[in-house]
Amino acid sequence: MKKVFLFIIAVFIIGCSSGEIGMDAGLSRISSESIFENIKFLASDSLKGRNTPSPELDVAGEFIAQRFKQYGLKPVNGSYFQKVEFVKVDLGDENHLVLSRNGESINFEIGVDFIPYNFGEGEVEGEIVFAGYGITAKEYGYDDYEDIDVKGKIVVVLRDEPQENDSASKFNGIRPSRYSFPRYKVQNAFEHGAIGIIILPDPLNHLILKPRGYAWPKIFKNLPRASLPIQLAYMQRGLIPAVEAGEKFIKEVFGGVQVLKDIQKAIDESLKPRSFKIENVKIKIKVSFVKENVYANNVVGFIEGTDKKLKDEIIVVGAHYDHVGYFSPSTIGSSETDSIYNGADDNASGTVGMMEVAKAFGLSKSKPKRSILFIAFCGEEKGLLGSRYYVDNPIFPIEKTVAMVNLDMIGRNSIDSLILIGWSYSEDMKRLAEEENKAIGFKFSYDGEKDFPRSDQASFARKGVPVIFFHSGEHEDYHKVGDEVDKINFSKIEKVAKLCYRVVYRLANSEIRPKLNEGKVAD
């Protein structure tokens, strides 16, 4: 009996330690030396800031794919690339905003009185309806379109959102929520049947009432053509012409800035809509674009799971590998000699961290129970476009995607500090990160949830996938030419990669799937 008991104890110890042994084998392959070699290339001047799309981004993608192959990761459907089709949009020659009232026509000047957005194009004419902030937020009991019919009409809405400067506001306090974004307002107007939209700067919180719209190089002559917007090709459908108009338009439509300010103040104080049809006024909008189809790639590498029951389930480990490119000093009149946004921290750091985790799994003899898909995303700097494309066109079914771990900017600031983002969406993911961090020793900060929509894990959360995002915080070189390799802490990237590996190892070998907190599917 004693021998049997000792045998059981031995088996239990071996079983408990085998996971650690397998984990340690992978951890030993993560090193700051290989991190340095990889980031030195990805953030080099020769890649010119890895803009999406660009030949240099393609070179970076090929480099990552070769590393995936070298590390033992498999292609998916015969390729390490998921091709993403974009449309590059430039402003056309025919763009108009005309107001008609009592037989009189008032023309507004492009670049001065109005600026088109980079959403829908076309020519529309119709009656106009003021629809507050253009927001429908059922979770807050707020709807500017309540009891107002905008079908076939042009809506006029305020920029931003109610109670913009109120820290107690339902709309994410003083941090802008998704409801403040122009794209949301355009989409919401379209869904309510509007044929066009005019967005106005809000006079209650802003003294300068000049239109913003999109910063087109044709209007702002100091901007390079590389700043032209790109959009996902499949998302071009269902967008309506949209412009932003300024003070002259406000005065012509409302009779004065103070009138609109009083309406806005009433909305903010009551959080009740003040929408109404504007009588005896018609508007004609024409927005024209010149479009070009362009392409970039998400880079993917696959490790197939070994468990018959769990191998069809996927853990995604992601990092965006694009940055914002470069500028020509002669074009913008700059005296800077360095014109390349190398993006060493943003996000060559997260990319090489992800690659280290891929190497740790790929070169290990023992493979996880669940499958793991490593993705280097393009287009994050253009609005999470690469990850948005993936979740809308997944290589593996989203419902089979168990979790997503994101690495974005992990190479600066104190070596002992790390911001945990996404913890409020899944208690299971939060607990797992905290448990595995005991072996790593970071001091977690939990105040980064305001930045949740800004990186690629948000695309997965929107589809109901539990996520966690490791981030070392912003710094004085964020989106500046000073974000160089010589300022990177390679040992910190190694620590973050090891933490990521431990978390993914647990996710990939556990019988239990993490869950989202109730009601926390991201918009």
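Buried here means under 20% relative accessible area, with exposed over 50% and partly exposed in between (1.4 Å probe, protein chains only). Five of the five residues of E9 are buried. Strands (E, at least two residues) and helices (H or I, at least four) are DSSP runs, numbered from the N terminus.

The model is predicted; local features need pLDDT of at least 70, side-chain atom pairs count only at pLDDT 80 or more, and totals for chains, interfaces and linings use all residues. Residues are numbered from 1 along each chain as its sequence is written, and side-chain values use heavy atoms, with hydrogens and water left out. pLDDT is the predictor's confidence in each residue, from 0 to 100. Its mean over the protein chain is 92, and 93% of the residues reach 70 or more. Residues 1-18 stay under 50. For this stretch the model has one contact beyond four places in sequence. Contact means heavy atoms within 4.5 Å. Where pLDDT is low, the predicted coordinates should not be read in detail.

E9 belongs to an open sheet of eight strands. The order is E3-E2-E12-E5-E8-E9-E11-E4, and the pairing is mixed. Strand E3 (104-107) and strand E4 (114-116) stand at the edges. Each has a single partner strand, so one side of each is left without a neighbour in the sheet. The twist averages 30° from one strand to the next. Two strands pair if DSSP finds at least two bridges between them. E8 and E9 run parallel and are joined by five bridges. Val157 stands opposite Ile199 in E9. E5 and E12 pair in the antiparallel sense over nine bridges. Gly122 has Val287 in E12 as its bridge partner.

Helix H4 (residues 182-191) has Tyr184, Lys185, Val186, Asn188 and Ala189 buried. These residues pack against strand E6 (136-137), E8, E9 and strand E11 (242-245). H4 lies across E8, E9 and E11, at about 145° to E9. Such angles run from 0 to 180 degrees between N-to-C directions, and axes are lines fitted to C-alpha atoms, for helices over the stretch in contact. Gly193 follows H4 and has a positive phi, near 100°.

Helix H6 (residues 257-270) lies across E5, E8, E9 and E12, running at about 70° to E5. H6 has 14 residues and reaches 20 Å from its first C-alpha to its last. That is close to the 20 Å expected at 1.5 Å a residue, the expected span being 1.5 Å times one less than the number of residues. Its buried residues are Val257, Leu260, Ile263, Gln264, Ile267 and Asp268. They cover an arc of only 135° around the axis, which puts them on the same side of H6. The arc is that of the directions from the helix axis to the C-beta atoms. What covers these residues includes strand E5 (122-130), strand E8 (154-158), helix H5 (247-254) and strand E12 (276-287). Just after H6, Leu271 takes a positive phi of about 50°.

Nine strands form another open sheet, in the order E10-E1-E13-E15-E14-E16-E19-E17-E18, with mixed pairing. Strand E10 (230-232) and strand E18 (443-445) stand at the edges, each with a single partner strand, so one side of each is left without a neighbour in the sheet. The twist averages 30° from one strand to the next. Strand E17 (residues 417-421) and strand E19 (residues 467-471) pair in the antiparallel sense over three bridges. Ile421 stands opposite Phe469 in E19.

In strand E1 lies Gln82, which counts as buried at 9% relative accessibility. Beyond four places in sequence, the residues that Gln82 touches include Ala296, Asn297, Tyr389 and Ile395.

Helix H3 (residues 55-70) lies across strand E1 (81-91), strand E13 (289-303) and strand E15 (371-377), at about 15° to E13. Helix H12 (residues 490-509) lies across strand E14 (314-320), E15, strand E16 (401-407), E17, E18 and E19, at about 175° to E16. Val504 is found in H12 and counts as buried, at 0% relative accessibility. Leaving aside neighbours within four places in sequence, Val504 is in contact with Ile315, Val317, Phe361, Ile372 and Val405.
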